[in-house]
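Colleague: Could you take me through this model, beginning with the open spaces in it?

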Amino acid sequence: MAQFEIKEDFILNGEPMKILSGAIHYFRVHPDDWYHSLYNLKALGFNTVETYVPWNMHEPYEGEYHFDGMLDIERFLNIAQELGLYAIVRPSPYICAEWEFGGMPAWLLEKDVRLRSSDSRYLEYVGRYYDHLIPKLLPHQLSEGGNVLMFQVENEYGSYGEDKEYLKQLSHMMLERGIKQPLFTSDGPWRATLRAGSLIDEDIFTTGNFGSKAKKNFDSMQSFFDEHGKKWPLMTMEFWDGWFNRYNEPIVTRETDELVDAVKEAMELGSINLYMFHGGTNFGFMNGCSARLQHDLPQVTSYDYGAPLDEQGNPTEKYYALQKMMNEYFPEYETKEPLVKESMAVSDIPLTDKVSLFEVADDLVTPQRTKYPKTMEALGQNTGYTLYQTQIEKDTDDPERIRVVDARDRVHVYTNGNHVKTQYQEEIGEDINVKLNTEVTDLTVLVENMGRVNYGHKFVAPTQRKGIRNGVAIDLHFATDWVQYPLSLEDVSAIDYTKDHHNNQPGFYKFTVDIDQPKDTFIDMEGFGKGVVFVNNHNVGRYWEVGPYLTLYVAKGFLHSGENEIVVFETEGKYQDHINLVDSPKVMDIKE
């Protein structure tokens, strides 16, 4: 049986090995495209694929586990092995990854636990998850005839805490459940993060994350190794070859020649994992959010990342330049011609139906009635939108003062179905003055969760709880008797389009298109405001007119020959009578 060890070098079957890895997250790529991306990694001359494992996808609701379709990690590892690729798996409870809540399931927010700590109650939930996850990974270990070389403990913990007992408990839990391959940690390459986040005293391998200045960063890591008497190989577990993007900001770019030089420097000194090799897409509501002191910054649906493979999975200029460098400086690693997928364009797809959200909310979910409004998590909801409705009495002929007290992240307020105000983050809680024209008024509040923080000091902050977190005040008192609709929008097939549509309300817009031979495509969302799109009932992600992306990627696997249905959920009341599919992404030119 094959054997992998970490000594002064990585040792594979008795011979030194340089790990040349690329990150591909199976959960960000349609399963039909896994082979395509993995083949292109092998064709670059690399020998290993790395992936995170998102807890919030595999256990979205407590005790409900999913390992099929896009979450079939075993199939992903099998395809990699068939192509001759080794694997690195990072099954941490927390993954960061610019992913909703850093991969943590939102239902943990309703538990009395401290996340990412040695809190025994939190570790009990991690243990239950590991009881389902780790048995699926065990057969894929190199020692068992699989291709997994090593597994990560937590993720960049030195940038968050220094609870060593927590890290030790996680490593013990992994070993107790049958992990035999070496374990490792990954952190920033400077002493403070390595000290806080590594398990070097437990003889667990330490790696560093950076995207340039390999010699300086590896020297820093080597000093830390020397301090602890370790003779280990140097590896950057995340060599950032690009970056993620956020709404209303310019696309982050990196010069190809500079990147190639930086990768070459890292490869000459140690082993490397390109983060990302293929970024893929934050399908559904799975984009994360960058924490800021005041206004947090949600990330966009595309996770293109400026990687060697674009969002679609096709080779970019960076790919070919890296391959040229491989052929010139590392000819011992065989390269091949990469695979390239085709795209398609279809113009003027007609709008066939439309209906307002308030008309069909009961078709989508059973409402919950409570005296005071509950948060999204208290309603048993993880992501999406929450709709709150009540009735208020008219007390004066002057404008009434309404305040949505403490909600996240973006709210739309309506009286008798008429839009009166949209508020976002720090605007929430400001006075909304409305003149009521009826003795009893229907008050409706739609709250959008735009993504939970995935990194940093706000990870356990109150802002992680979404929906209305306090209440809605009329004059000086809190309104009561609420009807609440947790709109996770996991299934939009039950919408009744025979009901009414009202302008300037959130609504659903259905487009149908016949396709003979489906190919990858991009939905052009210009002319719409903000919302999400469903293709044949698959949530392909969020759009927002502020940019920078004006399109949403649709993998061929979401389409089929014959009639296809595109449903747009639009919250701003902006829509078009036709929609277009285009063959490449469109971005807005946003100035710094």
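This is a predicted model: local features need pLDDT of at least 70, side-chain atom pairs count only at pLDDT 80 or more; totals for chains, interfaces and linings use all residues.

Colleague: Understood. What is the make-up, by class, of the lining of the second largest pocket?

Modeller: That lining has 14 nonpolar, seven polar and five charged residues.

Colleague: And which residues lie nearest the centre of that pocket?

Modeller: Of the 26 residues that line the second largest pocket, Cys96, Glu98, Glu156, Trp243 and Tyr455 lie nearest its centre. Strand 10 (235–240), strand 12 (289–290) and strand 22 (453–455) are the elements that each give two or more residues to its lining. The volume of the second largest pocket is about 410 Å³.

Colleague: Where does UniProt place the "active site" feature?

Modeller: The unreviewed UniProt entry puts it at Glu156 and Glu238. The two are spread over 83 residues of sequence, yet they cluster in space, with a largest C-alpha distance of 10.4 Å. Both Glu156 and Glu238 belong to the lining of the second largest pocket.

Colleague: Is Glu156 buried or exposed?

Modeller: Glu156 counts as buried because its relative accessibility is 11%, and buried means under 20%. Glu156 sits in the loop between strand 7 (148–152) and helix 5 (164–176). Beyond residues up to four places away in sequence, Glu156 touches Arg116, Ser186, Asp187, Asn209, Glu238, Trp240 and Tyr455.

Colleague: What about Glu238, then: where does it lie?

Modeller: Glu238 lies in strand 10 and is buried, with a relative accessible area of 5%. Setting aside neighbours within four places in sequence, the contacts of Glu238 include Tyr52, Arg90, Glu156, Asn209, Phe210 and Tyr275.

Colleague: Let us move to the largest pocket. How many residues line it?

Modeller: The largest pocket has a volume of about 970 Å³. It is lined by 33 residues, and the closest to its centre are Met57, Leu71, Gly284, Met286 and Glu490. The elements giving two or more residues to this lining are helix 2 (55–58) and strand 29 (538–544). By class, the lining of the largest pocket has 16 nonpolar, 12 polar and five charged residues.

Colleague: A change of topic: which residues does the annotated all-beta domain cover?

Modeller: The annotation "domain: Beta-galactosidase 1-like first all-beta", from the unreviewed UniProt entry, covers residues 373–487. Over residues 373–487 the chain is 0% helix and 54% strand, and the end C-alpha atoms are 15 Å apart.

Colleague: In what sense do strand 18 and strand 19 pair?

Modeller: Strand 18 (residues 410–415) and strand 19 (residues 418–424) pair in the antiparallel sense, over six bridges. Tyr414 has His419 in strand 19 as its bridge partner. The two strands form a hairpin with two residues between them, and Asn416 in the turn has a positive phi of about 50°.

Colleague: Finally, which residues does Asn217 touch?

Modeller: Asn217, found in helix 7 (residues 214–227), touches Pro189, Phe210 and Ser212, not counting residues up to four places away in sequence. At 15% relative accessibility, Asn217 counts as buried.

Conventions:
Residues are numbered from 1 along each chain as its sequence is written. Side-chain values use heavy atoms; hydrogens and water are left out. On a 1 Å grid over the protein atoms alone, a cavity is a set of points where a 1.4 Å probe fits but cannot get out, and a pocket is an open set with protein on both sides within 12 Å along at least five of seven lines; lining residues have an atom within 4 Å of a point. Grid points are joined across faces, edges and corners, and a volume is the space filled by probe spheres set on the points. Helices (H or I, at least four residues) and strands (E, at least two) are DSSP runs, numbered from the N terminus. Ala, Val, Leu, Ile, Met, Phe, Trp, Tyr, Cys and Pro count as nonpolar, Asp, Glu, Lys and Arg as charged, and the others, Gly among them, as polar. Two strands pair if DSSP finds at least two bridges between them. UniProt positions are given in the numbering used here, feature names are shortened, and annotations may be inferred rather than shown by experiment. Buried means under 20% relative accessible area, exposed over 50%, partly exposed in between (1.4 Å probe, protein chains only). Contact means heavy atoms within 4.5 Å.
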